Amino acid sequence: MIITCPRCKKQCNIDEKRIPANAKKARCKSCGNLFALNLPGKTDAAELSRETRIIGVALSKGGVGKTTTAVSLSAGLALAGHKVLLIDTDTQGQASYSLGVKPKAGLVEVVTEELKPEEAVCKVRERLYLLAGGKSLAGVKRLIDRKDFGGELTFRESLSIFEGEYDYIVVDTSPGWDALTVAVLFYVKEVLTPISLEVMALQGLMEFMKSLASIRKYRDELTLKYVVPTFLDGRVKQSQKMLEELGKLYSEQICPPIRYNVRISEAPAYGKSIYEYAPGSPGAHDYRELVRKVANNPKLFRQMDMI
Ligand SMILES: Nc1ncnc2c1ncn2[C@@H]1O[C@H](COP(=O)(O)OP(=O)(O)O)[C@@H](O)[C@H]1O
Ligand SMILES: [Mg+2]
């Protein structure tokens, strides 16, 4: 049978009888990429049909709701029945904190190959898995910086093994624009950008769009798929005005807004997602709406939001 490497597309003709019955992964002889092996008849049907959507939550500006959105989107998709991997690429490691866990390993161990990928992943809820970030990611940044070439492909190479295992991979990113952000944007397929509805937010978006365009020169398949307005405050005129402006500028990508809701800011301290901490709050309602939009399924959680 012919097996094609998902990264370099090199094809290899292998005698089927020589492949062990329980083989799940293969390494490409040409580029060294380790990838999930979907052998007909050797994996179950669900695994075979799984096409992983890889969504990066990114914007150079900090405090716009990236981590909140990455965590709430992942937790919501998992509640809706999807198998989700949340990857935290921020040195602050806020995703673990928000979900109330302290994983011993995470993304660093996968990139440095200290652990097998499945050993570094931590199950945090039903169907929700986490590859934690944290301080040690600074070392990965240095590792990328030191590479003579190909540093931007670091995540794509190390994380390709997870493709096919999850329905969704959601990647939280750090503020700013550095080697880690670039490596994330060479890995993800879709970008989701939260925009806080405050003054100056649009300027931040324009700058980010310019940086994104510089990556799209090399990866035209990378798309800005969703623009998520955050911190909507109905009492503030400016907030409403910006929402309208965003809707005009990004009519295809615009998502239903996330309102300012104090419950959202309280939930992380309890290590709970917004659906666990305050399921009836406006924050939970708005994030369920976002989950419906991303999953492209308007029927999800309908009963809960009718109340
Ligand atoms: N819709 C919201 N309403 C109220 N507080 C929010 C909302 N979204 C995020 N926050 C709070 O704002 C702060 C910044 O959000 P965060 O998701 O960490 O932003 P980023 O990851 O972009 O830096 C956090 O304390 C978070 O709990
Ligand atoms: Mg963050």
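The expected span of a helix is 1.5 Å times one less than its number of residues. Helices (H or I, at least four residues) and strands (E, at least two) are DSSP runs, numbered from the N terminus. The model is predicted: local features need pLDDT of at least 70, side-chain atom pairs count only at pLDDT 80 or more, and totals for chains, interfaces and linings use all residues. Residues are numbered from 1 along each chain as its sequence is written, and chains are lettered from A and ligands numbered from 1 in the order in which they are written.

**Exercise 1. Helix 10**

Compare the reach of helix 10 with its expected span, then sort its residues into buried and exposed.

Solution. 
- Step 1. Helix 10 (residues 237–249) has 13 residues, and the expected value is 18 Å. From first C-alpha to last, helix 10 reaches 19 Å, which is close to that value.
- Step 2. A residue is buried if 20 or more other C-beta atoms lie within 10 Å of its own, exposed if 12 or fewer, and partly exposed in between, with C-beta atoms placed from the backbone. By this rule Ser239, Met242 and Leu246 are the buried residues of helix 10.
- Step 3. These residues cover an arc of only 65° around the axis, so they are on the same side of helix 10. The arc is that of the directions from the helix axis to the C-beta atoms. An α-helix has 3.6 residues a turn, so residues three or four places apart point the same way.
- Step 4. Lys237, Lys241, Glu244, Glu245 and Lys248 are exposed on the other side of helix 10.
- Step 5. The cover over the buried residues of helix 10 includes strand 10, helix 9 and strand 11.

**Exercise 2. Strand 6**

Which strands pair with strand 6, and how many of its residues are buried?

Solution. 
- Step 1. Strand 6 and strand 8 run parallel and are joined by 4 bridges. Here Leu86 has Leu130 as its bridge partner in strand 8.
- Step 2. Strand 6 also pairs with strand 9 (residues 168–172), in the parallel sense over 5 bridges. Leu86 stands opposite Val170 in strand 9.
- Step 3. Val84, Leu86 and Asp88 point one way from strand 6, while Leu85 and Ile87 point the other way.
- Step 4. Of the 5 residues of strand 6 (residues 84–88), 5 are buried, so strand 6 is largely enclosed by the rest of the structure.

**Exercise 3. From strand 10 to strand 11**

Trace the chain from strand 10 to strand 11 and describe the helix on the way.

Solution. 
- Step 1. Strand 10 (residues 190–196) and strand 11 (residues 223–230) run parallel, joined by 7 bridges. Val191 stands opposite Leu224 in strand 11.
- Step 2. The chain passes through helix 9 (residues 201–216), and the β-α-β crossover is right-handed. That term applies if, with the strands pointing away from the viewer, the path from the first strand over the helix to the second runs clockwise.
- Step 3. Leu205, Phe208 and Leu212 are buried in helix 9. Their arc around the axis is only 65°, which puts them on the same side of helix 9.
- Step 4. On the other side of helix 9, the exposed residues are Gln203, Met206, Lys210, Ala213 and Ser214.
- Step 5. Strand 10 and strand 11 are among the elements that cover the buried residues of helix 9. Contact between two residues requires that their C-beta atoms, placed from the backbone, lie within 7 Å.

**Exercise 4. A positive phi**

Where does Asn296 lie, and is Asn296 buried or exposed?

Solution. 
- Step 1. Asn296 is in the loop between helix 13 (282–295) and helix 14 (302–306).
- Step 2. With 7 other C-beta atoms within 10 Å, Asn296 is exposed.
- Step 3. Asn296 is not a glycine, yet its phi is positive, about 55°. Most residues other than glycine have a negative phi.

Technical notes: Pairing = 2+ DSSP bridges.
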